[in-house]
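Trainee: Please take me through this model, feature by feature.

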Amino acid sequence: MNIADRIQHLRKTKGLSQEELADQIGTSRQTISKWESGQSAPDLGKIVRMSDFFEVTTDYLLKGIEPKPADIPRSVNATLFTIFGTALNYIGLFTALMVWHEKQVSSSVAIGLICMAAGCAIHAAGQVLGSDSSRQYSRRLFSLCNVWVLLLIPYSLLFNFISGHLGRYGVLTAPIPLLGNSLPGYGLGWLVYLVLSLAGTWLLRRRN
């Protein structure tokens with residue numbers, strides 16, 4: 001197996017098209033096609049990019065030399081951390097809502113925020129420990145699934161404070177916006193929350 005065969009094998013193992021691989025390493029589909037057909041060979045910079053992306057050594061790409069088991073770097077899938085962190089964020093939100101619905105106590109907010117802090121910490125750990133090829137996808141997944149969840153409780157606290165909702169449960173205790181005297185204002189508050197959630201998701205996805 002020569003370098004052309006190894007590049008093609010690694011690409012197909014990841015289930016990528018030539019165009020998708022080209023996008024990942026910063027080249028064109030035609031260049032990938034030439035590498036795989038043996039018409040040309042990648043330069044050193046592209047060899048390094050592919051070794052990072054495929055999580056193999058440059059020696060393997062160039063010479064087909066497999067690393068010894070002790071030399072194989074441990075790679076962690078950051079997406080798994082993001083899935084666990086996201087699940088904890090959702091659990092925190094729904095637990096806070098259930099506690100508030102049943103008991104109307106300020107501890108519902110604390111429960112939600114503590115769970116969400118732990119969920120974000122797990123996601124952050126994945127960004128530190130995860131492999132290069134999985135971190136970007138995990139960030140996109142986190143921004144897509146978590147912005148509206150993480151925003152709701154802080155937004156509710158701010159909304160209840162600004163609206164001056166002084167019901168028998170007090171101010172800043174509820175994990176959701178409380179209905180005051182103004183129904184249009186309450187509806188506007190939910191609309192602002194929706195806009196902020198969509199804008200935050202779009203900005204994070206654009207950044208990632």
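**A loop glycine and a helix face**

Mentor: Gly64 sits in the loop between α5 (58-63) and α6 (78-103); helices are DSSP runs of H or I, at least four residues, numbered from the N terminus. This is a predicted model, where local features need pLDDT of at least 70, side-chain atom pairs count only at pLDDT 80 or more, and totals for chains, interfaces and linings use all residues. Residues are numbered from 1 along each chain as its sequence is written, and side-chain values use heavy atoms, with hydrogens and water left out.

Trainee: Why does Gly64 count as partly exposed?

Mentor: Buried means under 20% relative accessible area, exposed over 50%, and partly exposed in between (1.4 Å probe, protein chains only). Gly64 has 28% relative accessibility, so it counts as partly exposed.

Trainee: Which residues does Gly64 contact, leaving aside its neighbours within four places in sequence?

Mentor: Contact means heavy atoms within 4.5 Å. With those neighbours left aside, Gly64 is in contact with Arg6 and Asp59.

Trainee: Which residues of helix α2 are buried?

Mentor: In α2 (residues 18-25) they are Gln18, Leu21, Ala22 and Ile25. They fall within an arc of 105 degrees seen down the axis, so they line one face of the helix; the arc is that of the directions from the helix axis to the C-beta atoms. On the other side of α2, Glu19 and Asp23 are exposed.

Trainee: What do the buried residues of α2 pack against?

Mentor: They pack against α1 (3-13), α3 (29-37) and α4 (44-54). Just after α2, Gly26 has a positive phi of about 80 degrees.

Terms used. Helices (H or I, at least four residues) and strands (E, at least two) are DSSP runs, numbered from the N terminus.
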